[in-house]
Amino acid sequence: MKNQVHELARRARTAARSLALASRAQKDAALLATADALVAATDRIVAANTLDVEAARAAGTPENVIDRLLLDHDRVAAFAQGVRDVAALPDPVGEVVRGSTLPNGLRLEQVRVPMGVIGMIYEGRPNVTADAAAICLKAGSASLLRGSRSAARSNAAIVDVMREAIAGTGLPADVVQAVPADDRSSATHLMQARGLVDLVIPRGGEGLIRTVVEQSTVPVIETGTGNVHVYVDADADLDMALDVVLNAKTHRTSVCNAAESLLVHRDVAEEFLPRVTKALQAAGVTIHGDPAFRSVAPGVLDATDEDWATEYLSLDIAAKVVDSLEDAVEHIRTWSSGHTEAIVTRSIDAARRFTLGVDSAAVMVNASTRFTDGGEFGFGAEIGISTQKLHARGPMGLPEMTTTTYVVTGDGHVR
C-alpha cells in the first residue's frame with residue numbers, strides 16, 4: 001500500500017508542475033467543465049451513494065452520520081454550484097501580498113504561488129471530495145483525496161467524473177486523485193509522504209484530527225471539531241435570541257458550526273428559559289441542563305462535564321445559566337474547541353468584551369453560528385475550518401491553499 005500511495009503522490013507532483021503554469025482561464029474552464037459533468041452524472045453519483053448509505057445503515061451507523069454521508073440530486077447540484085463559485089473567484093496565484101523597493105534599488109515582492117500537492121484525509125461527507133478538489137485546482141495544486149471507507153463508492157464516482165472533465169480541457173487528470181480507503185494504512189502513508197506531499201489537511205472527528213496531527217510527518221493544517229456556544233446576554237433582544245438559538249441548534253445538526261451549548265445570563269433567565277426550553281423541546285432537542293434549566297420543564301437531563309465538552313452533532317444541547325458575561329467567557333474558554341461562538345446582545349460594550357474575551361476562529365454578534373462557512377463568507381466552497389492559529393484560521397478558502405515566494409528583481413546588483 002505504501003508504494004501505491006507514493007506512486008499516486010509522484011503522479012500528483014508531476015501534474016502539479018503543469019498546473020502551476022496554467023492560466024486562470026485554463027483552470028476556470030476545467031472547473032466549469034467539471035461542474036457541468038457532475039450535474040450530468042448526478043444519477044450515477046446518487047446511485048453509488050445509495051450503496052454507501054445502505055451499507056452504513058446495515059452496519060448500524062447513527063442517523064446523524066448518515067445525514068453527512070447522504071447525497072441526493074439537490075446536494076449534488078449544491079456542490080456542483082460550489083465548483084462554479086470557485087471558478088468565479090479571483091485567482092490567488094500571482095497575487096502580490098506585499099512589495100517595496102529596498103534602499104539599494106532592489107524590488108522586493110512577496111507573491112502567492114501554489115502549495116504543490118495537498119493531501120486531504122476526511123470522514124463521511126462526499127461533498128468534501130468536490131469542494132477540496134476544486135479549491136486545490138483553482139489554487140494551482142494537485143489534490144490527493146483520502147475519504148472514508150463508508151463513502152468509498154460515492155467518492156470514487158465523483159473523482160472519476162472530475163478527472164474525465166479535467167482531462168477533456170487539456171489539464172492533466174492527475175491533478176485530482178483518490179487515495180484508496182479500503183486499507184487504513186493508506187492514510188498513514190499519505191500523511192508520512194514527506195517530500196512528495198506538501199501539506200495534509202484532516203477534516204472529520206476529533207479522533208481523526210488528533211491522529212493526523214500526532215502521526216503526520218508532512219506539515220498539517222488542523223481543522224477542529226465544533227463545540228460551539230451561543231450566549232444570551234443580559235441586554236439581549238429575547239425574540240432575536242430565540243431565533244438565533246433555534247437556527248444554530250436545529251438548522252442542521254450534523255455540521256461543525258451547529259450550536260452545542262447554550263449560556264443564558266441570569267438577569268434574563270426567568271423570562272427566557274421557559275421560552276427557549278419549550279421551543280427547543282418542540283423541535284425535538286434534548287436539553288442537558290444545569291439546575292436552573294431542569295427546574296423549568298420536565299425532560300431536561302442533568303448536565304455533566306462530559307456534556308460541556310461534547311460535540312453532539314445531534315438534537316442535543318448543553319444549557320446553563322451564568323451570572324455574568326465574564327462567567328460565560330470563562331465557561332467558553334474552558335470547554336470550547338475554538339471553532340465559533342455567538343453572543344446575542346444590544347450592548348456594543350458587551351459585544352466588544354465578548355469578542356475580545358473568547359478565543360475562537362469566528363465570533364458571531366447577533367447572528368447564528370451556522371454562518372461560519374466559506375460559502376457564507378463569500379470564499380466559495382471551503383476546504384475546511386481551521387481552529388489553529390497559524391497562517392490559516394477559520395474557513396479556509398483559496399488564499400489559505402497557497403504559499404508565497406519572494407521575487408527579488410535587480411539591475412545587476414551584487415552584494
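Reply: A contact here means that heavy atoms lie within 4.5 Å, and with that definition, among contacts in the chain between residues at least 6 apart in sequence, 72% join residues at least 24 apart. The model is predicted, so local features need pLDDT of at least 70 and side-chain atom pairs count only at pLDDT 80 or more, while totals for chains, interfaces and linings use all residues. Residues are numbered from 1 along each chain as its sequence is written, and side-chain values use heavy atoms, with hydrogens and water left out.

The setting comes before the close look. The chain holds 15 helices and 16 strands, where helices (H or I, at least four residues) and strands (E, at least two) are DSSP runs numbered from the N terminus. Its radius of gyration is 23 Å, close to the 22 Å that the globule rule gives for 415 residues, so the chain is as compact as a globular protein of that length; the radius is taken over C-alpha atoms, and the rule is 2.2 Å times the number of residues to the power 0.38. Along its principal axes, the C-alpha trace spans about 75 × 65 × 35 Å.

Of the 415 residues, 52% are buried, a word that stands for under 20% relative accessible area, with exposed for over 50% and partly exposed in between (1.4 Å probe, protein chains only). The accessible surface of the chain comes to about 17600 Å², and carbon and sulfur atoms account for 51% of that surface.

The surroundings of the pair can be read from their contacts. Apart from neighbours within four places in sequence, alanine 248 is in contact with Val230, Ala258, Ala259, Ser368, Thr369 and Arg370. For lysine 249, not counting residues up to four places away in sequence, the residues touched are Ala259, Glu260, Leu280, Val285, Ser314, Asp316 and Ile317. As a distance reference, alanine 248 and valine 408, which are 160 residues apart in sequence, are 48 Å apart in space, C-alpha to C-alpha.

Several of these partners lead on to other parts of the chain. Leucine 313 is buried, with a relative accessible area of 11%, and its phi is near 55°, a positive value in a residue other than glycine.

Alanine 282 counts as exposed, because its relative accessibility is 69%; alanine 282 and leucine 398 are 116 residues apart in sequence and 40 Å apart in space, C-alpha to C-alpha.

Two buried residues in strands may be set beside the pair. Glutamine 177 lies in strand 5, residues 176–178, and counts as buried at 2% relative accessibility. Its side chain reaches the backbone oxygen of leucine 8 at 3.0 Å. Leaving aside neighbours within four places in sequence, its contacts include Arg11, Ser143, Val159 and Arg163. Tyrosine 122 lies in strand 3, residues 117–122, and is buried, with a relative accessible area of 2%. Among the residues touched by tyrosine 122, not counting those up to four places away in sequence, are Val128, Asn155, Arg203 and Leu208. The C-alpha atoms of tyrosine 122 and glycine 205, which are 83 residues apart along the chain, are separated by 8.7 Å.

Note on methods: Accessible areas come from the Shrake-Rupley method with a 1.4 Å probe; for residues, only the protein chains shown count as cover. A polar contact is a pair of N or O atoms within 3.5 Å; within protein, one must be able to donate a hydrogen and the other to accept it, and residues adjacent in sequence count only if both atoms are side-chain atoms.
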